[in-house]
Amino acid sequence: MATKVVDAAGEPIPTSSVLMSSAKHIEIKCMSENVEFLKCKKKDPNPEKCLDKGRQATRCALGVLKDLYQRCKDPMEAYVGCMYYHTNEFDLCRKEQQAFEKACPLD
């Protein structure tokens, strides 16, 4: 497949396929950071006011991606590759999704 999950330094590359494949994990692990960011945005539409909350949410998501890749490299690469190939169509990648979620269960 022509997509990568991490760069040469081992840092996650948050492409749409990587994010879509990991969305459930990010939702669970980063719930509080995302809720705080959304509360901030709702309270004040000025983007500058929520930069710190946005950084926290981003940092959390990237941490989740890195952890998933370290724990479940092969199933994650297979799922991300399938999602990339099929333009993020979940229905066409259920087998890879099940293998990924079995290797890295949703907590």
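This is a predicted model: local features need pLDDT of at least 70, side-chain atom pairs count only at pLDDT 80 or more; totals for chains, interfaces and linings use all residues.
The torsion about its S-S bond is about 85 degrees, so the link of Cys 72 and Cys 104 is right-handed. As for where the two ends sit, Cys 72 is in the loop between helix 3 and helix 4, while Cys 104 belongs to the segment after helix 5, so this bond ties together parts of the chain 32 residues apart in sequence. The sulfur atoms of Cys 72 and Cys 104 are 1.5 Å apart in the model. Both ends are buried: Cys 72 has a relative accessible area of 1%, and Cys 104 has 0%.

How many disulfides does a search of the whole structure find? It finds four. If you count the bonded cysteines along the chain, the pattern is 1-4, 2-3, 5-8, 6-7.

Two more of these bonds deserve a stop. Cys 30 and Cys 60 are joined with their sulfur atoms 2.0 Å apart. This pair links distant parts of the chain, with Cys 30 in the loop between helix 1 and helix 2 and Cys 60 in helix 3, 30 residues apart. The angle about the S-S bond of Cys 30 and Cys 60 is -95 degrees, a left-handed link. Cys 30 and Cys 60 are buried.

Then there is the disulfide between Cys 40 and Cys 50, with an S to S distance of 2.1 Å. Here Cys 40 comes from helix 2 and Cys 50 from the loop between helix 2 and helix 3, 10 residues apart. This link is left-handed, with -95 degrees about the S-S bond of Cys 40 and Cys 50, and both cysteines are buried.

Let me finish with helix 4, residues 73–85.

Which residues of helix 4 are buried? They are Met 76, Tyr 79, Val 80, Gly 81, Cys 82 and Met 83. As a reminder, an α-helix has 3.6 residues a turn, so residues three or four places apart point the same way. The cover over the buried residues of helix 4 includes helix 1 (16–29), helix 3 (51–71) and helix 5 (94–103). And one last thing to look for on your screens: helix 4 is followed by Thr 87, which has a positive phi, near 50 degrees.

Methods. Residues are numbered from 1 along each chain as its sequence is written. Side-chain values use heavy atoms; hydrogens and water are left out. Buried means under 20% relative accessible area, exposed over 50%, partly exposed in between (1.4 Å probe, protein chains only). Helices (H or I, at least four residues) and strands (E, at least two) are DSSP runs, numbered from the N terminus. Contact means heavy atoms within 4.5 Å. A disulfide is a pair of cysteine sulfur atoms within 2.5 Å.
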